[in-house]
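Subject: Structure handover and notes

Hello,

Please find the structure below, followed by my notes on it.

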Amino acid sequence: MPETADILENNILQFYPELLSTLLKDHTTSRNDNVRNILWATNDYEHLGAGYGYNDPIQPELITGENGHIIMPRVLKHKDTQSARVRDMAEVFTPAWVCNAQNNLIDEAWFGRKDVFNTEYMAEDGTHCWKTNPSKITFPDGKTWKDYVRDTRLEITCGEAPYIASRYDTTTGAIIPVGERIGLLDRKLRIVGENTTTSGEWLEAAQEAYKSIYAYEWQGDSLLIARESMLYSFIEYFRAKFGKNPLAKSVNYIAYIISWNVWQMDGLKGVVPGSCHDTVATSTNLFGETTQAVTACEGCKTGNPFKHNGTYCHIKDWHARDPQTGRKGKRIKYIDLLK
């Protein structure tokens, strides 16, 4: 698989036929055999016809074959589309150097020192840059590399998740080499690579890294791109470490983790976008006359995030035990974390 900013869904089908279904799954609304996909949650594709509406699920056949170029990173979209999404959804993507500077602040707090992964500087032409620290990362007293890999990170309203996986600069489309990447996940995978020897050790630690990274996004196309970028990062880091691609079963499991941890949500309400609704009650009096009483969503009306009647989103706590099965991996409501 070549390293490009635009990950083609046709390529995913070619190399890993079952993978796209996993990347499109919405775990909040899926139950057992009733599998449901993430929604488009944008009007940008309505002109393409049936199946591309705001509330329609994204189906594999809508974005593969002759439709294989429909979903693309924001930097490759038409300028009018970019402007509309800025206006309608406040979609503004962050340059890689800003993501790096902010991620460096997180690590400065965690490590207790500056410039752990790289040093920021400004080039003569005024371009913001960074120089990667080539030495193996050392850890402060009382903390280990496994602690860092397992430490939880969340990117809110993630878009294409540039703070997590920096495969490319979302404002220019320029590919960033594996050794120069600065995302929260990139840093964890670097640590994994520096502290493991065998592929088995690497895979186990990488899975822990992915289980510790969370993100949510409203618009379905950006969400899918974020999921794809995180998945391709896994393949690229494995290939950089071992000189070959990981087995399909390893890729599929990472995709499963991503499909739980990177989910579709209205971040202000904690629900599936557009799922809040008015409730209509119809009553009939003794004379056969009917009246209707319309009740608005209490959460939307009052601004109380715990009173919405929409579908509250679920995520997975990978280390908590499910009370029914006793196995690790407990399904929880995201909103419950805010109580």
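A disulfide is counted here when two cysteine sulfur atoms lie within 2.5 Å of each other. In general terms, a disulfide is a covalent bond between the sulfur atoms of two cysteines. Before going further, please note that this is a predicted model, in which local features need pLDDT of at least 70 and side-chain atom pairs count only at pLDDT 80 or more, while totals for chains, interfaces and linings use all residues. Residues are numbered from 1 along each chain as its sequence is written, and side-chain values use heavy atoms, with hydrogens and water left out.

Cysteines

How many disulfides does the structure hold? There are zero. The cysteine sulfur closest to that of Cys 297 belongs to Cys 300 and is 3.6 Å away, which is too far for a bond. Cys 297 has a relative accessibility of 4% and therefore counts as buried (buried means under 20% relative accessible area, exposed over 50% and partly exposed in between, with a 1.4 Å probe and protein chains only). For Cys 313, the closest cysteine sulfur is in Cys 276, at 10 Å, again too far for a bond, and Cys 313 is itself buried, with a relative accessible area of 0%.

A buried methionine

Met 265 lies in the loop between strand 5 (262–264) and strand 6 (279–284), where helices (H or I, at least four residues) and strands (E, at least two) are DSSP runs numbered from the N terminus. With 1% relative accessibility, Met 265 counts as buried. From C-alpha to C-alpha, Met 265 is 9.6 Å from Ala 215, although the two are 50 residues apart in sequence.

Helix packing

Two packed helices are described by the angle between their axes and the distance between the axes. Here the axes are lines fitted to C-alpha atoms, for helices over the stretch in contact, and angles run from 0 to 180 degrees between N-to-C directions. Helix 6 (residues 184–195) packs with helix 8 (residues 220–242) at an angle of about 25°, and their axes are 11 Å apart. Helix 6 and helix 8 are therefore roughly parallel (under 35 degrees counts as roughly parallel, over 145 as roughly antiparallel, 65 to 115 as roughly perpendicular and the rest as oblique). On the helix 6 side, the residues that meet helix 8 include Leu 185 and Arg 190, and on the helix 8 side they include Met 230 and Tyr 237.

Helix 7 (residues 199–211) packs with helix 8 at about 155°, with the axes 12 Å apart, so helix 7 is roughly antiparallel to helix 8. Among the residues making this contact are Trp 202 and Leu 203 of helix 7, and Met 230 and Tyr 237 of helix 8.

Positive phi values

Most residues other than glycine have a negative phi, and most peptide bonds are trans. Asn 32, however, has a positive phi, near 55°, and it is found in the loop between helix 2 (19–24) and helix 3 (79–89). Asn 32 counts as exposed, at 75% relative accessibility. Thr 157 has a positive phi near 35°, sits in the loop between strand 3 (153–155) and helix 6, and is exposed, with a relative accessible area of 54%.

How values were computed. Contact = heavy atoms within 4.5 Å.
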